[in-house]
Amino acid sequence: EVVSALGPGAVFGENVAVGARGAVSSDAHLHHTATALEPAELCLLLQSDFEDVVAARHDFIPTYDLDSWPQYKQDILHRREVRLGVAKQKQVMAALVRLREGIRELSGEERQAVEQSADKVVDRRKGRSGGRREERLYAL
């Protein structure tokens, strides 16, 4: 059954990359067949490369569904952030900012208790004592 006939410069498979609300898992396996009736060049674009192009080119819109593209794009960019570890990095950095703010709000006694606790943890992990308490605390 012929589903579609494409001419020179046409593309296919872009809806797989965009997916339903951009949510194509990396293990998605689709089985379709394309047959060229004359010699043709084929370009394969990996999902990770596709995500990078979407992130780098604001004018790149690989779908005819223009109304849904902003949401598709957001989902694709989020998937890219997860792949690159950026989402986790943002979570960790936000937690560190909250920790830093909490330390700044401590009273003198509370701050000293935190410093002593940090020293004990470092001593256990590295087998050495004291010396860098100020650097560790303010590096947060």
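**Exercise 1. Which residues are linked in a network of salt bridges?** Find the members, then look at one pair in detail.

*Solution.* Before we start: this is a predicted model, where local features need pLDDT of at least 70, side-chain atom pairs count only at pLDDT 80 or more, and totals for chains, interfaces and linings use all residues. Residues are numbered from 1 along each chain as its sequence is written, and side-chain values use heavy atoms, with hydrogens and water left out.

Step 1: A salt bridge is a side-chain nitrogen of Lys or Arg within 4 Å of a carboxyl oxygen of Asp or Glu.

Step 2: apply it. The structure holds six salt bridges, and Glu51, Asp52, Arg79, Arg80 and Arg83 are linked in a network of them.

Step 3: zoom in on one pair. Glutamate 51 bridges to arginine 79, with the closest N and O atoms 2.6 Å apart. Glutamate 51 sits in helix α2 (residues 47–56) and arginine 79 in helix α3 (residues 69–84), so this pair ties together parts that are 28 residues apart in sequence. Helices here are DSSP runs (H or I, at least four residues), and strands are too (E, at least two), numbered from the N terminus.

Step 4: check the burial. The classes go by relative accessible area: buried is under 20%, exposed is over 50% and partly exposed is in between (1.4 Å probe, protein chains only). Glutamate 51 comes out buried at 1%, and arginine 79 is buried as well, at 15%.

**Exercise 2. Take the salt bridges of aspartate 59 and glutamate 81, and classify the partners by accessibility.**

*Solution.* Step 1: aspartate 59 pairs with arginine 57, and the closest N and O atoms are 2.6 Å apart. Aspartate 59 is exposed at 54%, while arginine 57 is partly exposed at 45%.

Step 1: glutamate 81 pairs with lysine 90, this time with the closest N and O atoms 3.1 Å apart. Glutamate 81 is partly exposed at 25%, and lysine 90 is partly exposed at 48%.

**Exercise 3. Is lysine 73 buried or exposed, and how far away is the nearest side chain of opposite charge?**

*Solution.* Lysine 73 is found in helix α3.

Step 1: look for a charge partner, counting Lys and Arg as positive and Asp and Glu as negative, with His and the chain ends not counted. Lysine 73 is buried yet has no salt bridge, and the nearest side chain of opposite charge, aspartate 59, is 8.0 Å away.

Step 2: see what lysine 73 does touch. Contact means heavy atoms within 4.5 Å. Leaving aside neighbours within four places in sequence, lysine 73 is in contact with Val54 and His58.

**Exercise 4. List the members of the largest nonpolar core and the elements that supply them.**

*Solution.* Step 1: define the set. A nonpolar core is a set of buried Ala, Val, Leu, Ile, Met, Phe, Trp, Tyr and Cys residues joined through side-chain atoms within 4.5 Å.

Step 1: read off the members. The largest one has five residues, namely Phe50, Val54, Trp69, Tyr72 and Ile76. Both α2 and α3 give two or more residues to this core, with α3 giving the most, three residues.

Step 2: turn to α2. Its buried residues are Phe50, Glu51 and Val54. Seen down the helix axis, they fall within an arc of 100 degrees, so they line one face of α2. The arc is that of the directions from the helix axis to the C-beta atoms.

**Exercise 5. Find the aromatic pair and work out its geometry.**

*Solution.* Step 1: the rule. Rings of Phe, Tyr and Trp (its six-membered ring) pair if their centres lie within 6.5 Å; planes under 30 degrees apart are stacked, over 60 edge-to-face and the rest tilted.

Step 1: by this rule the count comes to one aromatic pair. Phenylalanine 50 and phenylalanine 60 have ring centres 5.9 Å apart and planes at 70 degrees, so the pair is edge-to-face. The pair links distant parts of the chain, with phenylalanine 50 in helix α2 and phenylalanine 60 in the loop between α2 and α3, ten residues apart.

Step 2: burial again. Phenylalanine 50 is buried at 4% relative accessible area, whereas phenylalanine 60 is partly exposed at 25%.
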